[in-house]
Amino acid sequence: MKKTIEEHADRFSQIAADYDETQSSDEYRACASLVVDHADPTPDDVVLDLGTGTGAIALALAPRAKRVVGRDISEGMMEQARKKAEKEGLDNVEFGEGRFRDPNYDGEVDIVVSNFAMHHLSDEEKREAIQTIADLGPRRFVLGDVMFFGEPNPDEPFYSPEVDDPATVGMLADALTDAGFALTAVECVHEQVGVLVAERAGDGDEVPSAE
Ligand SMILES: C[S@@+](CC[C@H](N)C(=O)[O-])C[C@H]1O[C@@H](n2cnc3c(N)ncnc32)[C@H](O)[C@@H]1O
């Protein structure tokens, strides 16, 4: 991690009020939309959104899920998320402090999602986070994020080396499969932005085949 958890939390709390307005790029929208589509919860599913921020993904999924739990390190970002939930009349979504490697959640979870957040962790920390997510026992994990399909290029959007630490798609694929997931979809939104869908077969189930 290029900055401490506290530094990242402060940085996001400072920009929280304006965050939604600044997320207007086609790639961010495409990535968020793909995460929501691939998460595809049923009305019985509990969804955990890690690095939930102002709740873009959590709030989009809440009407289709039983319950959505958002976790983040920035109280300022979650304040915005709570306001939006109230405005939209969504009472099955809650936001609270939690980290990728310590989500502060031990209830049931069917689907884990994360959008544009895990790239703040180092690769080793991402591996730990992915194992932590696997240990929660979801059947699906949908990761939208800054990730390298080719060579890292700080002159291209979405990668600022001073704060970001994105992984290659290969590293993420390895970490996901090492944690017992099967990769079922890889969506390249941009050379530096993608969505990975990982599924875990239940006891006795077939591992889903790649799309
Ligand atoms: C770019 S925002 C993305 C927010 C939201 N998922 C979205 O799609 O708009 C990244 C978020 O990740 C959070 N974050 C950074 N490091 C984190 C960590 N280790 N654990 C949990 N959240 C973290 C930040 O506080 C911030 O709210």
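## Report on a predicted protein–ligand model

The shell around the ligand is made up of 12 nonpolar, eight polar and two charged residues. In this division Ala, Val, Leu, Ile, Met, Phe, Trp, Tyr, Cys and Pro count as nonpolar, Asp, Glu, Lys and Arg as charged, and the others, Gly among them, as polar. The model is predicted: local features need pLDDT of at least 70 and side-chain atom pairs count only at pLDDT 80 or more, while totals for chains, interfaces and linings use all residues. Residues are numbered from 1 along each chain as its sequence is written.

**The ligand shell**

The ligand is surrounded by 22 residues, of which G51, G53, S74, N115 and A117 are the closest. Two or more residues of this shell come from each of the elements α1 (5–22) and α3 (56–61). The most is given by α1, with four residues. A residue belongs to the surroundings if its C-beta atom, placed from the backbone, lies within 6 Å of the molecule.

**Overall architecture**

The protein has six helices and eight strands. Both are DSSP runs numbered from the N terminus, helices being H or I of at least four residues and strands E of at least two. Read from the N terminus, the order of elements is α-α-β-α-β-α-β-β-α-β-β-α-β-β. The radius of gyration is 16 Å, close to the 17 Å that the globule rule gives for 211 residues, so the protein is as compact as a globular protein of that length. The radius is taken over C-alpha atoms, and the rule is 2.2 Å times the number of residues to the power 0.38.

Along the principal axes, the C-alpha atoms fill a box of roughly 50 × 45 × 30 Å. Of the 211 residues, 42% count as buried. A residue is buried if 20 or more other C-beta atoms lie within 10 Å of its own, exposed if 12 or fewer, and partly exposed in between, with C-beta atoms placed from the backbone. Among contacts with a separation of 6 or more, 68% involve residues 24 or more positions apart; a contact requires C-beta atoms, placed from the backbone, within 7 Å.

**The annotated domain**

An unreviewed UniProt entry lists residues 47–135 as "domain: Methyltransferase". Positions from UniProt follow the numbering used here, feature names are shortened, and annotations may be inferred rather than shown by experiment. Over residues 47–135 the chain is 36% helix and 22% strand, with the end C-alpha atoms 15 Å apart.

**Strand β8 and its partners**

Strand β8 (residues 193–199) is largely enclosed by the rest of the structure, because six of its seven residues are buried. Strand β5 (residues 140–148) runs antiparallel to β8 and is joined to it by seven bridges; D145 has G194 as its bridge partner in β8. Seven bridges also join β8 to strand β7 (residues 182–190), again in antiparallel fashion, and here E187 is partnered by V195. A hairpin of two residues connects β7 to β8. Strands pair if DSSP finds at least two bridges between them.

Most residues other than glycine have a negative phi. F116 and F158 have positive values, as listed below.

How values were computed. Two residues are in contact if their C-beta atoms, placed from the backbone, lie within 7 Å.
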